[in-house]
Amino acid sequence: MEQFFSVHWLDILTTLVGVVYVWLEYKASIWLWIVGIIMPVMCIVLYWQHGLYADFGMNIYYTLAAIYGYAVWKFGKKKQQTDEQEMPITHYKVRLIIPSIIIWLIAWAGIYWILIRFTNSNVPICDSFINSLSFIGLWALARKYLEQWFVWMAVDSVSAVLYVYKGIPFMAGLNVLYTIVSIAGLFKWKKMMEEAQHPARTNS
């Protein structure tokens, strides 16, 4: 048992921090971004140790994105948002869908090329897939778009399988939890959005 924890302690600790993160995201709490700064720093070490180089590089981006996300949620404004209101949950803009898909595909191809050209990764397709799609997911989360949950459903389900294969069982389990919470979070955020848009209707 002692040997097991000596091997997997960082995986376990990162997983526990990840549980806190996804709970805060589910609640649409701005504190998720503070945890979102701490967790990627831990993941940087974890993924490097297991040869997940795209995940390693992506978590550097996650750290910077968490700082951006906090600033947007704290100081950003959307149309018809008053100074007293926090940033509301809204739908993903239709005009952003095609550009987002194009950016995702370019990022997927670029990360895949980097992995096969400069690393010894044996999972370049999956590793580049989840990390390129995470670019879109994090940006959509920072803008508080409801549909960001669909992105995370895809990212988390594929990540769970990948981490099992790469021998990171606790992070694999965390991503199974993330997938479940993503489904619940979609309904939670939808309800919160409707309550914010129609307070009289939801309180009647």
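Thr 63 sits in helix α3, which spans residues 53–75. Helices here are DSSP runs of H or I with at least four residues, strands are E runs of at least two, and both are numbered from the N terminus. This is a predicted model: local features need pLDDT of at least 70, side-chain atom pairs count only at pLDDT 80 or more, and totals for chains, interfaces and linings use all residues. Residues are numbered from 1 along each chain as its sequence is written, and side-chain values use heavy atoms, with hydrogens and water left out.

**Helix α3**

Helix α3 has 23 residues. Its first and last C-alpha atoms lie 33 Å apart, close to the expected 33 Å at 1.5 Å a residue. The expected span is 1.5 Å times one less than the number of residues.

Thr 63 is buried, at 16% relative accessible area. Buried means under 20% relative accessible area, exposed means over 50%, and partly exposed lies in between (1.4 Å probe, protein chains only). Other buried residues of α3 include Ala 54, Asp 55, Met 58, Tyr 62, Ala 66, Gly 69 and Trp 73. The cover over the buried residues of α3 includes α2 (32–49), α4 (97–118), α5 (124–142), α6 (148–165) and α7 (169–197). Leaving aside residues up to four places away in sequence, Thr 63 touches Gly 36, Ile 37, Pro 40 and Val 41. Contact means heavy atoms within 4.5 Å.

**Annotated segments**

An unreviewed UniProt entry annotates "transmembrane region" at residues 6–24, 31–50, 56–73, 94–116 and 171–189. UniProt positions follow the numbering used here, feature names are shortened, and annotations may be inferred rather than shown by experiment. In the model, residues 31–50 are 90% helix and 0% strand, with end C-alpha atoms 29 Å apart. Residues 56–73 are 100% helix and 0% strand, with end C-alpha atoms 26 Å apart.

**The nonpolar core**

The largest nonpolar core holds 53 residues; Leu 141, Tyr 163 and Met 171 touch the most other members. The elements giving two or more residues to this core are α1, α2, α3, α5, α6 and α7. A nonpolar core is a set of buried Ala, Val, Leu, Ile, Met, Phe, Trp, Tyr and Cys residues joined through side-chain atoms within 4.5 Å. Beyond four places in sequence, the contacts of Met 171 include Asp 11, Thr 14, Met 39, Cys 43 and Tyr 163.

Ile 136 is in helix α5. It is buried, at 12% relative accessibility. Outside its sequence neighbours up to four places away, Ile 136 touches Tyr 92, Ser 100, Ile 103 and Trp 104. Phe 118 is 18 residues from Ile 136 along the chain, and their C-alpha atoms are 24 Å apart.

Ala 28 has phi near 55 degrees, and Lys 144 has phi of about 60 degrees. Ala 28 lies between α1 (2–26) and α2. Lys 144 lies between α5 and α6.

**Accessibility and cysteines**

| Residue | Relative accessibility | Class |
|---|---|---|
| Ala 28 | 11% | buried |
| Lys 144 | 3% | buried |
| Cys 43 | 3% | buried |
| Cys 126 | 36% | partly exposed |

The disulfide count is zero. A disulfide is a pair of cysteine sulfur atoms within 2.5 Å. Cys 126 has its closest cysteine sulfur in Cys 43, 18 Å away, so the distance is too far for a bond.
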